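Subject: Structure for you to look at

Hello,

Here is the structure I said I would pass on. Please open it alongside these notes.

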Amino acid sequence: MTRTPPITLHPGAHRTGTSTLQRLLSRNAEQLACRGVAVWGPRRTRDGGLLSGVTGDPGRASAYRDLQAHRAAGRVAMHRTTMAGDGISRLVVSDSNMLGSLRENLLLGRLYPTVSARMERLGAALPGVDHVSLSIRSPDAWWTSLFAHLMTRGFAPPDRATIDAVLKARRGWRQVVCDVADALPDARLTVWTHEDIAARPADAFAQLTGTMPETRTAPVLNAAPPCADLQVRLRDEGCLTVLPHVAGHYAPFTADERAELRGRYDDDLIWLRDGAGGRIVTPSQALAEVLFRDRRSRHGPFRKTDRRQDQMGAAG
């Protein structure tokens with residue numbers, strides 16, 4: 001008898017080296033298949049793909065979309081049954097749009113505000129998710145990268161009202177982690193930082209698949225362009241806004257604003273290293289500065305946290 005392969009969910013986030021990691025997974029697909037690991041990237045999940053009707057704005061509910069989601073769950077179940085017969089013991093699903101869209105973040109000025117509903121919808125369509133991997137990034141750099149990336153897609157530079165909305169919003173990575181953990185309570189949760197892992201995509205690859213890649217090189221994809229290139233693009237599109245910059249890099253935030261956002265991020269990192277209220281725990285001393293893992297076992301009920309978790313209040 002065969003067992004339906006469990007799922008490792010990698011929802012990103014955007015602007016944290018996700019595309020580069022997905023390219024590395026694609027380049028090692030044959031090696032992974034030989035080891036019993038299958039990978040579904042955005043080409044399999046988006047644009048009428050396997051998760052059509054499951055992903056997307058959860059607020060746009062309709063009977064037709066619910067029907068699509070039901071059919072998507074059926075398609076996924078059939079594929080997983082076939083995989084089990086082919087010797088696949090693990091399915092990795094990687095798509096940063098599972099958390100939400102960049103447009104949504106921009107319009108609402110908050111980090112992935114609908115992630116809870118999105119993860120619940122995914123959990124219903126993808127039963128058997130036992131591991132979720134998230135990547136996070138300092139919000140000053142993350143928002144800067146988001147603004148720059150969207151400018152290459154035809155969006156205007158952020159105005160003062162947008163910058164102020166980002167600064168006033170108190171939703172940070174801590175809230176995103178909590179939403180994901182609460183929506184998928186039976187899954188182990190791993191969180192790594194872009195600052196530590198971006199230059200070592202092979203380490204992220206190993207966390208997702210349990211093995212190091214044979215082909216360890218992959219191009220850096222979707223990196224934010226220099227400020228000068230953004231300025232030229234805007235002028236070509238008829239926008240005369242002069243972009244603020246520091247050392248040739250686009251810099252929408254002032255020094256004080258960057259310091260404020262980084263301070264919040266430092267608080268979130270402290271909270272993560274202390275176990276995130278029992279949701280995750282540091283794996284080993286060697287990786288304690290890079291990765292954060294769930295305190296729950298792969299099987300069995302959630303284990304109570306130790307007394308250190310009660311000390312997180314000062315960081316919150």
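Below is what was found in it, from the whole chain down to single residues.

This is a predicted model, in which local features need pLDDT of at least 70 and side-chain atom pairs count only at pLDDT 80 or more, while totals for chains, interfaces and linings use all residues. Residues are numbered from 1 along each chain as its sequence is written, and side-chain values use heavy atoms, with hydrogens and water left out.

The chain as a whole

The chain has 13 helices and 8 strands. Of its 316 residues, 51% count as buried. Buried means under 20% relative accessible area, exposed means over 50%, and partly exposed lies in between, with a 1.4 Å probe and protein chains only. A contact is a pair of heavy atoms within 4.5 Å. Among the contacts in the chain with a separation of 6 or more, 76% are between residues 24 or more positions apart.

Helix α7

α7 has 13 residues and spans 18 Å from first C-alpha to last, close to the 18 Å expected at 1.5 Å a residue. That expected span is 1.5 Å times one less than the number of residues. In α7, 12 of the 13 residues are buried, so the helix is largely enclosed by the rest of the structure. Among those buried are W142, W143, F147 and H149. Their cover includes α5, α8, α9, α12 (227–236), β7 and α13.

Helix α13

α13 (residues 255–273) has 19 residues and reaches 27 Å from its first C-alpha to its last, close to the 27 Å expected. Its buried residues are E257, L261, R264, Y265, D268, L269, W271 and L272. Seen down the axis of α13, these fall within an arc of 160 degrees, so they line one face of the helix. The arc is taken from the directions that run from the helix axis to the C-beta atoms. As background, an α-helix has 3.6 residues a turn, so residues three or four places apart point the same way. The face turned away from the buried side of α13 carries the exposed residues A255 and D256. After α13 comes G275, with a positive phi near 105 degrees.

The largest pocket

The largest pocket holds about 960 Å³ of space. A pocket here is an open set of points on a 1 Å grid over the protein atoms alone, where a 1.4 Å probe fits, with protein on both sides within 12 Å along at least five of seven lines; lining residues have an atom within 4 Å of a point. Grid points are joined across faces, edges and corners, and the volume is the space filled by probe spheres set on the points. The largest pocket is lined by 46 residues, and R15, R137, S145, N222 and A223 are the closest to its centre. α7 gives the most to this lining, with 6 residues. Elements that each supply at least two residues include α1 (18–27), α11 (201–209) and α13. By class, the lining has 23 nonpolar, 16 polar and 7 charged residues. Nonpolar covers Ala, Val, Leu, Ile, Met, Phe, Trp, Tyr, Cys and Pro; charged covers Asp, Glu, Lys and Arg; the others, Gly among them, are polar.

Single residues

Two residues other than glycine have a positive phi. Y112 has a phi near 40 degrees and is found in the loop between α5 (102–108) and α6 (115–125). A247 has a phi of about 55 degrees and is in the loop between β6 (245–246) and β7 (249–250). Y112 is buried, at 0% relative accessible area, whereas A247 is exposed, at 73%.

A169 lies in the loop between α8 (160–168) and α9 (173–183) and is buried, at 12% relative accessibility. Leaving out residues up to four places away in sequence, A169 touches G109, R110 and R264.

R118, in helix α6, is buried at 8%. Beyond its neighbours within four places, the contacts of R118 include D57, N97 and E104. N97 is in the loop between β3 (90–94) and α5 and is partly exposed, at 27%.

Regards

Conventions: Helix = DSSP H or I, 4+ residues; strand = E, 2+ residues; numbered from the N terminus.
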